[in-house]
Amino acid sequence: VLYYQVQRDLRTNRNVGYEALMRWQHPTRGLVMPVEFIPLAEETGLIVEMGRWALRQAATDFATLDQSTRVAVNVSPVQFVKSDLVADVTGALQVSGLEAHRLEIEITEDVLIEDTDNTQKVLSELSKLGVSLSLDDFGSGYSSLAYLTQFPFTKLKIDRCFTERILLDDRSRALVTSILALASSLGIRVTAEGVETSGQLAMLTEGSCDEAQGYLLGRPEPFQKAFADK
């Protein structure tokens, strides 16, 4: 099943998007978190079909909402290798009727390291479709600055490990400040993940971060609950 977590614009204080997060509703274990089943799904190749389903389900859900709200869907490195991702995204948009600019594809740096040439081709084709591209967990891996010039990203997501320490650690705070300045100069939006306190939110707002996501603003919820009044 898909759960959705809100992303809030810190300038307007409006909810502008949601990230689709996969959960496994197990008959005896209850709700299982992705950290427990995604690695196995990637190892077996099942992530390709699961990812294709997630794209279509998220697009179908959000096609029923107003045009100011977008949805972000995570894509596994395996999908780049074993699936025609452009065809999967195109299919999801066609079946659902969702406008391309309202879909955001999130990838991690692992995708960029695997096969740069193929990745560049795929991301370029997705960008031409009008889909937004987001680099997830920025700062937690290699974070080569060359990625920002090689690939057509429209957003960076600051890893939660830095958000958690922004009030406690001078280096984490300095890194976040640097990322915000760099992204601003490149015309790339930034979403800070893992915002759990009002102090973190205030510092990010003062630092001109574009968006925030975390338990302080809203926990992941099923579509029916998240949009019960829509």
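A: On a 1 Å grid over the protein atoms alone, a pocket is an open set of points where a 1.4 Å probe fits, with protein on both sides within 12 Å along at least five of seven lines; lining residues have an atom within 4 Å of a point. This is a predicted model, where local features need pLDDT of at least 70, side-chain atom pairs count only at pLDDT 80 or more, and totals for chains, interfaces and linings use all residues. Numbering runs from 1 along each chain as its sequence is written, and side-chain values use heavy atoms, with hydrogens and water left out.

Q: OK, which residues lie nearest the centre of the largest pocket?
A: Glu19, Leu21, Pro34, Asn74 and Asp136, out of 36 lining residues.

Q: And which element gives the most to that lining?
A: α1, with five residues.

Q: How do the lining residues of the largest pocket divide?
A: Into 17 nonpolar, eight polar and 11 charged.

Q: What about the second largest pocket, what lines it?
A: Its lining includes Val1, Trp24, Phe37 and Trp53. α1 gives the most here, with four residues, and the lining holds nine nonpolar, one polar and two charged residues.

Q: Is cysteine 209 buried or exposed?
A: Buried, at 1% relative accessibility, where buried means under 20% relative accessible area, exposed over 50% and partly exposed in between (1.4 Å probe, protein chains only). Cysteine 161 is partly exposed, at 30%.

Technical notes
Helices (H or I, at least four residues) and strands (E, at least two) are DSSP runs, numbered from the N terminus. Ala, Val, Leu, Ile, Met, Phe, Trp, Tyr, Cys and Pro count as nonpolar, Asp, Glu, Lys and Arg as charged, and the others, Gly among them, as polar.
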